[in-house]
Amino acid sequence: MDRKTQLKNLSDTDKVWDLVVVGGGATGLGVAVDAATRGMSVALLEKTDFAKCTSSRSTKLVHGGVRYLQKGDVMLVLEALRERGRMKANAPHLVKDQAFVISNYSYWDNVLYFCGLTFYDLLSFGFGYGRSKFIPAKKVMQYIPTAVEKGLKGGVVYHDGQFDDARMAINLAQTCVENGGTVLNHATVVGIVHDARGRVAGVRFTDNPSGTKYTLRARSVVNAAGCFVDDVMHMDSPAHRRMVTPSQGVHLVLDRRFLPGDHAVMVPKTSDGRVLFAVPWHDKVVVGTTDIVRPTAEEEPRPLREEIDFILSTAGRYMNPAPTYADILSVFAGQRPLAAPKKEGRSTKELSRSHKIIVSDNGLVTITGGKWTSYRLMAEDTVDRAIEVAELPRRKCVTKKLPIHGYRKNPDLTNHLYVYGSDEEKIRELIRQRPELGERLSQKYGYTLAEVVWAVREEMALTVEDVLARRVRLLFVDAREALAAAPVAARLMARELAEDEAWIDREVENFAGLVKNYIFAAEMPASDATAPAEVRPSRAACTGEESPEAATV
């Protein structure tokens with residue numbers, strides 16, 4: 001997945017692509033893979049990096065949606081459960097079975113949730129991960145040693161999936177390229193091309209690193225820009241009215257001492273009627289999420305104090321000791337594209353979570369909504385619709401049983417390199433060729449310098465953020481440690497990309513600014529502080545001088 005080669009593919013002005021996809025998140029990448037594996041010529045353009053926004057900020061679950069079952073949306077759950085099974089079958093190196101415990105503090109809840117989750121199992125027939133079962137209070141404490149024991153009446157264990165979202169996105173991009181597709185990150189679509197009849201006939205985009213402008217001709221254009229689909233629809237029709245409202249979700253990352261076992265925790269009903277998860281992930285615990293309407297879509301949304309307070313207070317009722325601001329290793333916010341409410345003040349819990357396909361009068365195909373678990377089905381539906389709109393040759397979808405790049409069964413989950421699947425051995429070969437690449441990127445974590453080199457050479461990483469946020473997940477695992485590692489990553493990347501000292505300084509400075517959104521919550525005192533503390537790498541971190549601290553806050 002060499003970026004120069006991909007850009008060269010897009011430079012052919014005579015070529016007419018069957019399909020151009022705008023947006024490189026879960027949905028857009030799924031569409032590109034689906035189209036490429038049908039034998040279509042497809043190009044995907046992402047204005048920042050693959051999975052930069054919503055798709056790297058999920059709860060890391062592959063699930064049918066227990067809360068949707070509570071609301072009686074059986075068909076949505078049935079659909080998602082089938083896709084959950086396919087996702088694990090197609091990417092076993094990234095998707096694994098995760099057992100969840102619901103701790104109950106009334107006998108009635110034991111009956112209610114056991115019956116409900118047994119029905120959940122029945123709906124997943126043929127695509128299941130494991131059977132639900134009732135467990136007594138003593139067993140709950142064995143599975144979740146940090147649970148609050150007082151008043152505990154028992155619990156229910158059920159099974160869903162857990163995965164690494166950004167790594168899945170990178171593997172989908174690689175799968176697309178392996179099947180003849182072309183993908184390009186850091187490429188901003190600036191306009192929609194129309195033919196003499198006013199029909200959509202391609203896109204104009206700018207290659208961000210060089211500033212060079214390009215035009216792609218296409219028979220069909222799919223708008224899969226997530227929370228930013230309205231921007232693309234406005235390019236097609238200036239009279240377009242806003243269709244999507246962003247719903248923000250925040251997650252906290254804590255040390256594993258708050259959830260030391262292998263089981264995850266699901267709180268089925270919080271104080272405001274939402275669901276809360278605490279999930280083991282990369283030897284940490286991800287806790288979330290919230291669900292708050294935001295006025296505008298943002299690439300880098302900031303968590304609100306009220307969201308963090310809500311998660312901490314709710315988690316504190318089910319964890320002993322209760323986590324505090326000081327325990328937060330990283331906090332990340334993402335925004336989901338939901339259908340805009342027709343009435344002001346309508347809760348996001350009432351808005352549709354299913355996906356929608358809209359075709360404009362000019363033939364622009366827009367896909368919005370849905371979730372990671374159903375990305376494949378969303379892509380199939382979208383490509384089917386694009387074929388119909390553009391009158392392209394009909395070809396059968398083949399992604400139900402399509403191994404994703406990196407496919408490898410039974411990975412060793414004790415080694416963090418397992419997320420690379422079949423590419424793991426190639427990274428080890430890099431270290432054999434250059435033993436210094438076996439050194440750690442961070443003294444606290446096992447990420448190696450070889451992974452930085454691999455990300456640049458094979459996974460189209462162009463910035464320090466690309467590497468530390470979405471190739472290795474250090475920014476999400478421990479934001480302060482990511483800040484400390486930034487100068488090392490930048491210097492190594494500069495060698496690979498033939499960049500100079502000025503580039504290194506800019507990248508480190510840019511990353512330090514970004515990190516504020518991920519660590520400021522931990523620095524906030526109990527008072528109503530709202531602004532993040534200044535975060536900057538220390539002089540020692542940038543120059544390589546020894547220092548007891550790698551970053552200054």
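Helix 2 and helix 10 are oblique to each other, a class that covers whatever is left when angles under 35 degrees count as roughly parallel, over 145 as roughly antiparallel and 65 to 115 as roughly perpendicular. The axes of helix 2 (residues 26-37) and helix 10 (residues 375-390) come within 8 Å and cross at roughly 60°. Axes here are lines fitted to C-alpha atoms, for helices over the stretch in contact, with angles from 0 to 180 degrees between N-to-C directions. Helices (H or I, at least four residues) and strands (E, at least two) are DSSP runs, numbered from the N terminus.

On the side of helix 2, the contact (heavy atoms within 4.5 Å) involves Ala-26, Thr-27, Gly-30, Val-31, Asp-34 and Ala-35. Helix 10 contributes Tyr-375, Met-378, Ala-379, Glu-380, Thr-382 and Val-383.

A word on provenance. This is a predicted model, in which local features need pLDDT of at least 70 and side-chain atom pairs count only at pLDDT 80 or more, while totals for chains, interfaces and linings use all residues. Residues are numbered from 1 along each chain as its sequence is written, and side-chain values use heavy atoms, leaving out hydrogens and water.

Six strands form an open sheet in the order 8-3-2-12-20-19, with mixed pairing; two strands pair if DSSP finds at least two bridges between them. Strand 8 (182-184) and strand 19 (356-359) are the edge strands, each pairing on one side only. On average, neighbouring strands of this sheet are turned by 20° against each other, direction ignored. Strand 19 and strand 20 (residues 365-368) run antiparallel and are joined by four bridges. Within strand 20, Thr-366 is the bridge partner of Ile-358. Helix 8 (residues 229-236) lies across strands 2, 12, 19 and 20, at about 165° to strand 20.

Finally, is helix 12 (residues 449-458) largely enclosed or open? Eight of its ten residues are buried, so helix 12 is largely enclosed by the rest of the structure. Buried means under 20% relative accessible area, exposed over 50%, and partly exposed in between, with a 1.4 Å probe and protein chains only. Among the buried residues of helix 12 are Leu-449, Glu-451 and Trp-454. Their cover includes helix 11 (424-433), helix 13 (464-471) and helix 15 (479-497). After helix 12 comes Met-460, with a positive phi near 60°.
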